[in-house]
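Please look at the sequence and the structure first.

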Amino acid sequence: MNRIDRLTAILIQLQSKRVVKAQEIADRFGISLRTVYRDVRALEEGGVPLAGEAGVGYSIVEGYRLPPVMFTNDEASALLFGAKLIEKMTDQSVKKEFQSALYKIKSVLKLNEKDHLEQLNTHIEVFHRQSASKEQFPDNFLTAIQQAIVQKNVLWINYLSTYKEEVTQRDVEPMGLLYYGHNWHMIAFCQMRQGYRDFRVDRIKQLRNTQRKFKPKPGHSLETYIQSIAQTQQLQEMVVCFDKAVLRFVGEQKYAYGFVSEESHEASVQMRFLTAYPEGLGRWLLMFGKSVSIQSPDNLKETMKKLALELHQHYL
């Protein structure tokens with residue numbers, strides 16, 4: 001990237017948030033801090049009103065804006081990928097706002113970039129399993145949760161638990177949003193249980209912002225929560241052999257069950273899983289019938305026998 005392009009990109013980055021640290025700029029462009037200081041000085045000499053403080057970062061004086069930015073074809077393509085993912089992997093509240101933002105972005109594209117997106121649009125698709133019925137769950141809360149996280153507001157939720165299938169009402173202090181297992185999860189401090197809990201967003205039947213403020217717990221963050229879960233979960237190693245004839249049906253599903261590694265043999269592939277839920281893994285393995293064999297542990301073998309017996313008795 002030449003210096004002119006880098007200066008423009010730095011100016012855009014400075015407009016992306018209130019304060020940008022010099023190290024953030026250096027990391028993004030792979031340049032030294034000395035080069036960052038020179039570039040910032042060049043922007044100031046060019047008339048950009050910048051405010052800077054040692055150890056804090058740089059900010060642009062409120063009210064200054066760049067004219068509409070032009071995008072390259074690759075940047076426009078990246079926006080299309082984002083749109084496809086958001087369409088399938090978020091809820092109605094986010095989709096609506098993103099579509100509005102996308103129209104604004106498309107309005108500043110050059111004609112050849114607009115044509116590029118139109119031609120590419122029908123050649124990219126994302127398939128995503130919807131885990132909850134739209135009739136039972138509104139699927140419209142991600143935006144409200146984000147606002148409550150930033151504003152530190154207590155949320156009241158009417159929630160259908162995933163495992164017990166019971167509906168409860170809770171006042172929660174949202175800490176963050178986490179995407180895993182094909183679903184969005186709200187990590188929040190539950191005032192009823194007096195502890196942090198994981199709430200699947202697509203299982204929330206009702207949500208209301210109480211407008212009551214909460215004070216974040218010292219030392220708690222989404223990152224520390226994830227680390228604590230990884231440390232406290234009692235993960236068990238499961239070793240399973242799949243006949244090569246059924247590998248095409250295993251696909252990416254293995255990652256949802258704690259897949260770690262695999263070793264290929266003449267007629268089979270041995271896979272290693274780490275999971276805290278052997279029954280969940282067992283129910284998935286059941287679909288492969290006699291094309292799968294359990295190497296270890298014994299409790300997974302017993303789980304498979306139990307599930308197979310239940311299935312046999314069901315069809316007697």
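Leaving aside neighbours within four places in sequence, which residues is Ser93 in contact with? They are Asn140, Phe141, Leu142 and Thr143, where contact means heavy atoms within 4.5 Å.

The model is predicted: local features need pLDDT of at least 70, side-chain atom pairs count only at pLDDT 80 or more, and totals for chains, interfaces and linings use all residues. Residues are numbered from 1 along each chain as its sequence is written, and side-chain values use heavy atoms, with hydrogens and water left out.

**Ser93**

Ser93 belongs to helix 5 (residues 92–107); helices (H or I, at least four residues) and strands (E, at least two) are DSSP runs, numbered from the N terminus. Its relative accessible area is 11%, so Ser93 is buried. Buried means under 20% relative accessible area, exposed over 50%, and partly exposed in between (1.4 Å probe, protein chains only). The side chains of Ser93 and Asp91 make a polar contact of 2.7 Å. Such a contact is a pair of N or O atoms within 3.5 Å; within protein, one must be able to donate a hydrogen and the other to accept it, and residues adjacent in sequence count only if both atoms are side-chain atoms.

**Glu173**

Strand 4 (residues 167–180) holds Glu173, which counts as buried at 9% relative accessibility. A polar contact of 3.1 Å links the side chain of Glu173 to that of Gln191. Not counting residues up to four places away in sequence, Glu173 also touches other residues, including Val154, Phe214 and Lys217.

**Aromatic rings**

Rings of Phe, Tyr and Trp (its six-membered ring) pair if their centres lie within 6.5 Å; planes under 30 degrees apart count as stacked, over 60 as edge-to-face and the rest as tilted. By this rule there are ten aromatic pairs. Two of them are listed here.

| Pair | Centre to centre | Angle of planes | Type |
|---|---|---|---|
| Phe242 and Trp284 | 6.0 Å | 55 degrees | tilted |
| Tyr255 and Phe259 | 5.4 Å | 85 degrees | edge-to-face |

Phe242 lies in strand 8 (residues 236–243) and Trp284 in helix 10 (residues 278–285), so their pair ties together parts that are 42 residues apart in sequence. Phe242 and Trp284 are both buried. In the other pair, Tyr255 is partly exposed, with a relative accessible area of 48%, whereas Phe259 is buried at 17%. Ring pairs link Phe242, Tyr255, Tyr257, Phe259, Phe273, Trp284 and Phe288 into a cluster.
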